[in-house]
Amino acid sequence: MKPIAYCGLLTVALMLALHAPPGGAAAPLSADPAGIVATLPTPASPHWVWVNDFVFPHMTDGQARLIDGDSGRFLGMLSTGYGFTRIVISKDGKTVFSPETYFSRGTRGTRMDVVTMYDPTRLAPVGEIVIPAKRASNMPMMADSELTDDGRFLLIYNFTPAQSVTVVDAHGHTLVGEIETAGCALVYPTGPRSFFSICADGTLLNVHLDDTGHATTRERTARMFDVATDPVTEKGVRGGDTWQFVSYSGMMYPIQVTPGGLAPGTKWPLLTAAEQADKWRPGGLQQLALHAGLNRLYSIMHRGGPETHKDPGREVWVYDLAKHTRVQKIALKHDSGAIQVTRDPKPLLFSIFIDSSTLDVYDASSGEWLRSVENAGTTPTILVTP
């Protein structure tokens, strides 16, 4: 082995000699400037996207990465603790809220849950609110945490396995308390002082708050979904006063927010009988997106059996919400498990998959592929736009 090692050292020495600058001395490197803090513009571009990452290989350090969809440029990252699900952006765009979990010994010890508040221009923490150490660390989904419609209260889903919702005053930056939601999961805002949770029997728990954030009423609705024959996923999207939920088979179940409470809308199919026979169905971790201005619903589609509702797809089908008809198919460059659409008049469609680090960007109107961004995450989950 000695001759091989000697030859390797000789080769390295020759390469260094060949590439050495004239005179034999390496040119000195200039010192990096110190104390420089970059800032992001405000308001945020509507074409930015937060790629939320559970980071399965090292779950103690979740991440949220900010990417510019127009250029594909990486803008910055937040370190967001153990079992991270998603960030929530304040209604005025001036604060990023992140429900987070930490342990006193890193991977063990005393648990502490907090809501960390970040400055979106410097991506730096500016404060935190201690909350009950009950925050759910389930597979990430949008309904793990949401703001009420006026942005006053941050609602955070808990699972211990007892189910409840922590309420935080997002304006006063204080903990309000906890609302029990036994048998009902997640949070879906319906107004400035109300939200509902989905219950295991297909009913909904409709909760109203007072101006201090405490529950004034908690009422179960009639059964909205048939959990035995065609269960819905929890991955609902909202347009105006209507939440849209999709079943395993591709049936849409609208839930309308009315002055008299929550009411079921007319259900409608995403698939024709022929498409169902061909085993097309929706799937993915964040399988639906909605653009309110265009009145369009976007759904990841794949071929598979009844229990493949979490599988990725290579197509996004687009529907007219007024006519309940498909108007477009978008062929994807890569498998997709999560999609999001920006809210502006010229929207982008973002697509990513948990087993890939590539973020794909499309024109949401034409379906044209615009660019792909590599290294957008380790195990990316939920996409959030400003």
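Start with the largest pocket, which has a volume of about 1200 Å³. A pocket here is an open set of points on a 1 Å grid over the protein atoms alone, where a 1.4 Å probe fits and protein lies on both sides within 12 Å along at least five of seven lines; lining residues have an atom within 4 Å of a point. The volume is the space filled by probe spheres set on those points, which are joined across faces, edges and corners.

This is a predicted model, so local features need pLDDT of at least 70 and side-chain atom pairs count only at pLDDT 80 or more, while totals for chains, interfaces and linings use all residues. Residues are numbered from 1 along each chain as its sequence is written, and side-chain values use heavy atoms, with hydrogens and water left out.

**Stop 1: the largest pocket**

Select Arg86, Met142, Glu146, Arg343 and Thr385: of the 50 residues that line the largest pocket, these are the closest to its centre. Now colour the strands (DSSP runs of E, at least two residues, numbered from the N terminus). β1 (48-53), β4 (88-89), β8 (145-147), β12, β16, β22 (288-291), β26 (338-341) and β30 (380-384) each supply at least two residues of the lining. Which strand gives the largest share? Pick β22, with 4 residues.

Colour the lining by class and you get 28 nonpolar, 12 polar and 10 charged residues. The classes go like this: Ala, Val, Leu, Ile, Met, Phe, Trp, Tyr, Cys and Pro are nonpolar, Asp, Glu, Lys and Arg are charged, and the others, Gly among them, are polar.

From Arg343, hop over to Ala292: the two are 51 residues apart in sequence and 7.6 Å apart in space, C-alpha to C-alpha. Ala292 lies in the loop between β22 and β23 (296-303). Buried or exposed? Ala292 counts as exposed, at 57% relative accessibility (exposed is over 50% relative accessible area, buried under 20%, partly exposed in between, with a 1.4 Å probe and protein chains only).

**Stop 2: the second largest pocket**

Select Ala185, Leu186, Ile198, Cys199 and Glu234, the closest to its centre of the 19 residues that line it. β9 (153-159), β12 and β13 are the elements that give two or more residues to this lining. β12 gives the most, with 3 residues. By class, the lining of the second largest pocket has 13 nonpolar, 5 polar and 1 charged residues.

**Stop 3: the disulfide**

A search of the whole structure finds 1 disulfide (a pair of cysteine sulfur atoms within 2.5 Å). Cys184 and Cys199 form it, with their sulfur atoms 2.0 Å apart. The link of Cys184 and Cys199 is right-handed, with 95° about the S-S bond. Cys184 is in strand β12 and Cys199 in strand β13 (residues 194-199), 15 residues apart. Cys184 is buried, with a relative accessible area of 0%, and Cys199 counts as buried too, at 4%.

**Stop 4**

The structure holds 12 aromatic pairs (rings of Phe, Tyr and Trp, its six-membered ring, with centres within 6.5 Å; planes under 30 degrees apart are stacked, over 60 edge-to-face and the rest tilted). Tyr188 and Phe245 form one that is edge-to-face, 5.3 Å centre to centre with 70° between the planes. Tyr188 sits in strand β12 (residues 184-191) and Phe245 in strand β17 (residues 242-246), 57 residues apart. Tyr188 counts as buried at 1% relative accessibility, and Phe245 is buried at 0%.

Phe245 also pairs edge-to-face with Phe225, 5.9 Å centre to centre and 65° between the planes. Phe225 lies in the loop between β15 (215-220) and β16 (237-239), 20 residues from Phe245. Phe225 is buried, with a relative accessible area of 3%.

**Stop 5: charges over rings**

Two more selections. Arg326 lies over the face of Trp317, at 4.6 Å from the ring centre (CZ of Arg or NZ of Lys within 6 Å of the ring centre and within 35 degrees of the ring normal). Then try Lys333, which lies over the face of Trp369 at 4.5 Å from the ring centre.

**Last stop: zoom out**

The protein chain has 2 helices and 30 strands (a helix being a DSSP run of H or I, at least four residues). Buried residues make up 51% of its 386 residues. The C-alpha atoms fill a box of roughly 85 × 50 × 45 Å, taken along the principal axes.
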